[in-house]
Amino acid sequence: MSVHNILLDFSIEAARLEDENGQKDIFGQLETLLKEYIPNLILATDIKLEDGSLKLLTGNKGTTVSVRMFDRGFITLNIEFYKGGNEESVIDHKTAKELESKIKKYISSIKSQTYIPLKRCLFGRYYPSSDGRLLEYDIDEVVFDQESPFQRVQIVHSKSLGNMLVLDDLQNISEADLIYTETLMQRNKENYEGKEIVILGGGDGALLYELLKEKPKYVWMLEIDELVMNACNKHLNSICGDVLEKRKGPNYEIIVADCMITVNKFIKEGKKVDYIFGDLTDIPISDTVEGEIWEFMITILKASFRILRSSGKFMTHGNGATSGESLQLYEQELSKLDPPVAFQRSMAFVPSFFEDWIFYQITFKDKGTGDD
């Protein structure tokens, strides 16, 4: 059950919409065609605006149609109606395309466009790409939905991706995303056997689950949100196994707290590890290095290198490959670290993100830096 919005856009010669008479004439033509597709359509509101006009019409089953005319030669139509589970659409995309074609010809439109219907409901079907484009998912069920003290935690089911973790309305990982975890850990390129590892975040358990297959000496996973782990343990165990159930094993431990508490403890103890994974927030999309998230990320970076062995690596995800400015800002911050670091980038297409994602492998530039 959802509210459907069908959007149609038309451009015509601006002179035809410059005055009230021209707009009235064009609207009359539009109204004639709209009534062929939407029964009992009547004009409910007619508002004159500084740059044109807005007409609101109503029809059967509570259908509304807004017609916005701009005196610069642009016309937008928004057809909105409620569709129950088994009900037929008042108008579907195929019919809307037919309507577009008739209107284009009838009003002599220069260009026109009909968009795929937006389906708005009480659970998310749309999530953003890294650079702010709207992505539609084939989600058919909300499996889990609760608020933790830190964020909204959802598990939704996608027909093509399986169950997917969504945090604060942003897609995080799905059952189809093994490539994400394997690229983050650089599987078959890094040797984790006998190594000591810290995971910052990683609440879905996927990274810990895959790392343990590589026979490390010990892994500390530092996750603050108990609710994320409980939800993933129940609904995403195909990617996390039983590691979130046990919380501690012979060679791993999950510590539920702010990750900086344990990192600072390791600094105080002089503890050094071989790998650190930053599996926390993505690199912020911004024009400048400002705000709490940037401050947090830089703090994490600086602290992490204080507990990293000179031969060790800091591994993290970045953001979408199309978010070039933010990735560049992150790399500029890496260049300011003291001691100096070097980095490499990897890229993989992540199914639940619908795009290529950038991952970083960061090391000390001077391998002799620090004490092991």
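**Labels and their cut-offs**

Mentor: Start with two helices. Helix H1 (residues 20-37) packs on helix H2 (residues 93-106) at an angle of about 155°, and their axes are 10 Å apart. Axes are lines fitted to C-alpha atoms, for helices over the stretch in contact, and angles run from 0 to 180 degrees between N-to-C directions. Helices (H or I, at least four residues) and strands (E, at least two) are DSSP runs, numbered from the N terminus. This is a predicted model: local features need pLDDT of at least 70, side-chain atom pairs count only at pLDDT 80 or more, and totals for chains, interfaces and linings use all residues. Residues are numbered from 1 along each chain as its sequence is written, and side-chain values use heavy atoms, without hydrogens and water.

Trainee: Why are H1 and H2 called roughly antiparallel?

Mentor: Set the angle of about 155° against the cut-offs. Angles under 35 degrees count as roughly parallel, over 145 as roughly antiparallel, 65 to 115 as roughly perpendicular and the rest as oblique. H1 and H2 are therefore roughly antiparallel.

Trainee: What makes H8 and H9 roughly parallel?

Mentor: The axes of H8 (residues 259-269) and H9 (residues 292-304) cross at roughly 25° and come within 10 Å. H8 and H9 are therefore roughly parallel to each other. Cys259, Met260, Val263 and Ile267 in H8 meet Thr299, Ile300 and Ala303 in H9. That contact has six nonpolar, one polar and no charged residues.

Trainee: How do you know that S12 and S13 pair?

Mentor: Two strands pair if DSSP finds at least two bridges between them. S12 (residues 162-167) and S13 (residues 170-174) have four, in the antiparallel sense. They form a hairpin with two residues between them.

Trainee: Why do S16 and S20 stand at the edges?

Mentor: Eight strands form an open sheet in the order S16-S17-S15-S14-S18-S19-S21-S20. S16 (248-249) and S20 (341-350) each have a single partner strand, so one side of each is left without a neighbour in the sheet. The pairing in this sheet is mixed.

Notes:
Contact means heavy atoms within 4.5 Å. Ala, Val, Leu, Ile, Met, Phe, Trp, Tyr, Cys and Pro count as nonpolar, Asp, Glu, Lys and Arg as charged, and the others, Gly among them, as polar.
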